[in-house]
Amino acid sequence: MRHLIIRLFVLLAVMVTAGCGFHPRGTTQVPSELKTLILNSGDPYGPLARTVRQQLRINNVTIVEDTKQNRTDIPTLRLDGETQGRDTASVFISGTTAEYSLMMNVTAQVLLPGKGIYPISTTVYRSFFDNPNAALAKDAEQEMIVQEMRQRAAEQLVRKLLTVHAAQMNQKETLPASASEPAVPAPASSSSATRTQ
């Protein structure tokens, strides 16, 4: 009888958490049309690409090879890169920096074949205490913080795939017709035209 009650409580807990939309931390309900992606990066083996690839796999996204055939059928997540910066947040009485505010910005684009290009970006902030008496430990700690920021940025980037899905549902085409269709040469005219790069 006791085991039956325990089983019922476990079953009830599973049903309640499944019904309320609970998911383990770090996972996202990726839209079905983005469950298979091409991951494109200027540095495919760099720390950002590795972290985003790992995050996509955690969220059950299949990453396929970047081939000419796949590009016409499968959405592409193109990582534009990351930028890091830091500002002084506080100083010691002597005037040296006591605390930094670290910033990491990651930009990317989602290319949906025949539907458009959707830019996404995320920014992560962290504080870092600077201890001039422990230079080696300070460098190791800063590297750990940067890796953690990269992990958070990758999680947020995968979450932004939901906004791409919402934008696609609300507005079928985000590119102007001239950018999404092949260029057709214009007839020659006597008036001068300016070209923007």
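Analyst: A nonpolar core is a set of buried Ala, Val, Leu, Ile, Met, Phe, Trp, Tyr and Cys residues joined through side-chain atoms within 4.5 Å. Buried means under 20% relative accessible area, exposed over 50%, and partly exposed in between, with a 1.4 Å probe and protein chains only. Here the largest such core has 31 residues, and those with the most contacts inside it are Leu 34, Val 52, Leu 56, Leu 77, Leu 79, Val 110 and Leu 161. Two or more residues of this core come from each of β1 (36-41), α2 (47-58), β3 (76-91), β4 (97-112), β5 (116-129), α4 (135-159) and α5 (161-170). Helices (H or I, at least four residues) and strands (E, at least two) are DSSP runs, numbered from the N terminus.

User: On what basis are these values given?

Analyst: This is a predicted model, in which local features need pLDDT of at least 70 and side-chain atom pairs count only at pLDDT 80 or more, while totals for chains, interfaces and linings use all residues. Residues are numbered from 1 along each chain as its sequence is written, and side-chain values use heavy atoms, with hydrogens and water left out.

User: How many helices and strands does the protein chain have, and in what pattern do they follow the sequence?

Analyst: The protein chain contains 6 helices and 5 strands, arranged along the sequence as α-β-α-β-α-β-β-β-α-α-α. Of its 197 residues, 28% count as buried. A contact means heavy atoms within 4.5 Å; among contacts between residues at least 6 apart in sequence, 69% join residues at least 24 apart.

User: Which residues does Val 52 contact, leaving aside its neighbours within four places in sequence?

Analyst: With those neighbours set aside, Val 52 is in contact with Leu 39, Leu 77, Leu 79, Ala 154 and Leu 157. Val 52 is one of the buried residues of α2, the others being Leu 48, Ala 49, Thr 51, Arg 53, Gln 55 and Leu 56.

User: How is the span of that helix to be judged?

Analyst: The expected span of a helix is 1.5 Å times one less than its number of residues. With 12 residues, α2 reaches 17 Å from its first C-alpha to its last, close to the 16 Å expected. Just after α2, Asn 60 takes a positive phi of about 60°, although Asn 60 is not a glycine. This residue is found in the loop between α2 and β2 (62-64) and is exposed, at 58% relative accessible area.

User: How many salt bridges does a search of the whole structure find?

Analyst: A salt bridge is a side-chain nitrogen of Lys or Arg within 4 Å of a carboxyl oxygen of Asp or Glu. The search finds 4 of them. In one, Arg 150 pairs with Glu 82, with the closest N and O atoms 3.0 Å apart. Arg 150 lies in helix α4 and Glu 82 in strand β3, so this pair ties together parts that are 68 residues apart in sequence. Arg 150 is buried, with 5% relative accessible area, whereas Glu 82 is partly exposed at 25%.

User: Which residues are linked in a network of salt bridges?

Analyst: An α-helix has 3.6 residues a turn, so residues three or four places apart point the same way. In this structure the network links Arg 152, Glu 155 and Arg 159. Arg 152 and Glu 155 lie 3 residues apart in helix α4, about one turn, and their closest N and O atoms are 3.0 Å apart. Glu 155 and Arg 159 are 4 residues apart in helix α4, again about one helical turn, with a closest N and O distance of 3.8 Å. Glu 155 is buried at 10% relative accessibility, while Arg 152 is partly exposed at 24% and Arg 159 is partly exposed at 40%.

User: Which residues form a nonpolar patch on the surface?

Analyst: Patches are made of residues with over 30% relative accessible area and no salt bridge; like charges are joined within 9 Å, and nonpolar side chains (Val, Leu, Ile, Met, Phe, Trp, Tyr) within 5 Å. Accessible areas come from the Shrake-Rupley method with a 1.4 Å probe, and for residues only the protein chains shown count as cover. The patch comprises Met 1, Leu 4, Ile 5, Leu 8, Phe 9, Leu 11, Leu 12, Met 15 and Val 16, which together have about 980 Å² of accessible area. Ile 5 is found in helix α1 (residues 2-19) and is partly exposed at 39%.
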